[in-house]
Amino acid sequence: MTGIPQSMNFINCSDKGGPEVLKLDSMPTPEPGPGQVLIKVEAAGVNRPDLLQRQGLYPAPKGHSETLGLEAAGTVVALGPNTHHFKPGDKVMALLNGGGYAQYCLAEEATCLPIPDGLPMIQAAAVPETFFTVWHNVFERGGLKAGEWFMIHGGTSGIGVTAIQLAKAFGAKVIATAGSDSKCQVCSELGADAAVNYKMDDFVSVVKTVTDKRGVDVILDMVGGDYIAKNIASLGDDGRLVNIAYQKGSKAEVDFMRVMLKRLTITGSTLRIRPTDVKSRIARSLEQNVLPLLADGSIKVVMDSTFPLNEASKAHARLDQGEHIGKVVLTV
């Protein structure tokens, strides 16, 4: 690979534990295989699954890079066999199976997206993980339609700020929950029709008031635990509950009579283990439906903070604290 160094810096997570286990190290620069591109990374998004992997709770899928980092933005510098859409020099943002916390990373060409004109590289690195997740779970699995009520928990998380904006952009009405009045204000500024401080108010009661006792149509939940029963109580007839994480645990006592009587659908998904063809289909749908909204500024990438690659531990500490609003990104 002409002009590409044989070794590169990356963040090593050989130990499991707190942010302090993340160390800058060097390793051979990878070479792209069939269907892959090599990206010279300019920025990489930091996501909650990275924190879980650091703690030893979310190992990389077999055969994939064990280096942290599920999304990155940069320049294509080399192509593997059977690649057809991008060429060296193209600016891309990519959903990764791992490997983003590095100077170079491999990406499946099918899960790369062109960076819209005018979108800074640092913001582009914050797009793939959250936008793939929200689009697939809210609109494809949850079937959210214009005019329906949508509720998102954790409204100022990376997922939350994306979900609020996308739901509003496609004509839904939004209720967001967050852990402080200031965070609720951010949700409202992003377009939420109602924002609930869950530390002060019962979101089930607020939902009944705001929707005139009708209930919401779709809920995207990352909390689990006792929220599962509360979500079921918050859904209206034919409502859909989509689970993508379980910060309070995946087990709950639930009265399924409500599920039957209201004809509810309970579903969920995890993205990392899905095959490339599934992620490719989501990527093409995003390219058609969502990238134009990023290009014209209808949807903003909400940034919390950036850290240089060698301060990945500080980036993780920021997410661990839970005070962030929007995305945390590493610059390379």
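So, Ala-169: it's partly exposed, with a relative accessible area of 42%. On that scale, buried is under 20% relative accessible area, exposed is over 50%, and partly exposed is in between, with a 1.4 Å probe and protein chains only. Keep in mind that this is a predicted model, where local features need pLDDT of at least 70, side-chain atom pairs count only at pLDDT 80 or more, and totals for chains, interfaces and linings use all residues. Residues are numbered from 1 along each chain as its sequence is written, and side-chain values use heavy atoms, leaving out hydrogens and water.

Back to Ala-169, which sits in helix H4. Helices here are DSSP runs of H or I with at least four residues, strands are runs of E with at least two, and both are numbered from the N terminus. What does Ala-169 touch, not counting residues up to four places away in sequence? Leu-293 and Ile-299, where contact means heavy atoms within 4.5 Å. Ser-280 is another matter: Ala-169 and Ser-280 are 23 Å apart in space, C-alpha to C-alpha, and 111 residues apart in sequence.

Okay, aromatics. Searching the whole structure turns up four aromatic pairs. The rule takes rings of Phe, Tyr and Trp (its six-membered ring) with centres within 6.5 Å; planes under 30 degrees apart are stacked, over 60 edge-to-face, and the rest tilted. Take Phe-139 and Phe-170: the ring centres are 5.4 Å apart and the planes are at 65°, so we call that pair edge-to-face. Phe-139 is in helix H3 (residues 128-141), while Phe-170 is in the loop between helix H4 (158-169) and strand S9 (173-178), so the pair ties together parts 31 residues apart in sequence. Phe-139 is buried at 14% relative accessible area, and Phe-170 is partly exposed at 30%.

The charged end of Arg-272 sits over the ring of Tyr-58, 5.3 Å from its centre. To qualify, NZ of Lys or CZ of Arg has to be within 6 Å of the ring centre and within 35 degrees of the ring normal.

Now salt bridges. Side chains of opposite charge can pair when their charged atoms come close. Our cut-off is a side-chain nitrogen of Lys or Arg within 4 Å of a carboxyl oxygen of Asp or Glu, and the count comes to 14 salt bridges. One of them joins Asp-90 and Lys-87 at 3.0 Å, N to O. Is Asp-90 buried or exposed? Asp-90 counts as buried, at 17% relative accessibility, whereas Lys-87 counts as exposed at 52%.

Another links Arg-214 to Asp-217, with the closest N and O atoms 3.1 Å apart. Arg-214 is partly exposed at 45%, and Asp-217 is buried at 5%. Then there's Lys-314 with Glu-311, where the closest N and O atoms are 3.8 Å apart. Lys-314 is partly exposed at 47%, and Glu-311 is partly exposed at 27%. Salt bridges with shared partners also join Asp-237, Asp-238 and Arg-263 into one network.

Last stop, Asn-243. This residue lies in strand S12 (residues 235-243) and is buried, with a relative accessible area of 6%. Leaving aside residues up to four places away in sequence, Asn-243 touches Asp-221, Ile-266, Thr-267, Gly-268 and Ser-269.
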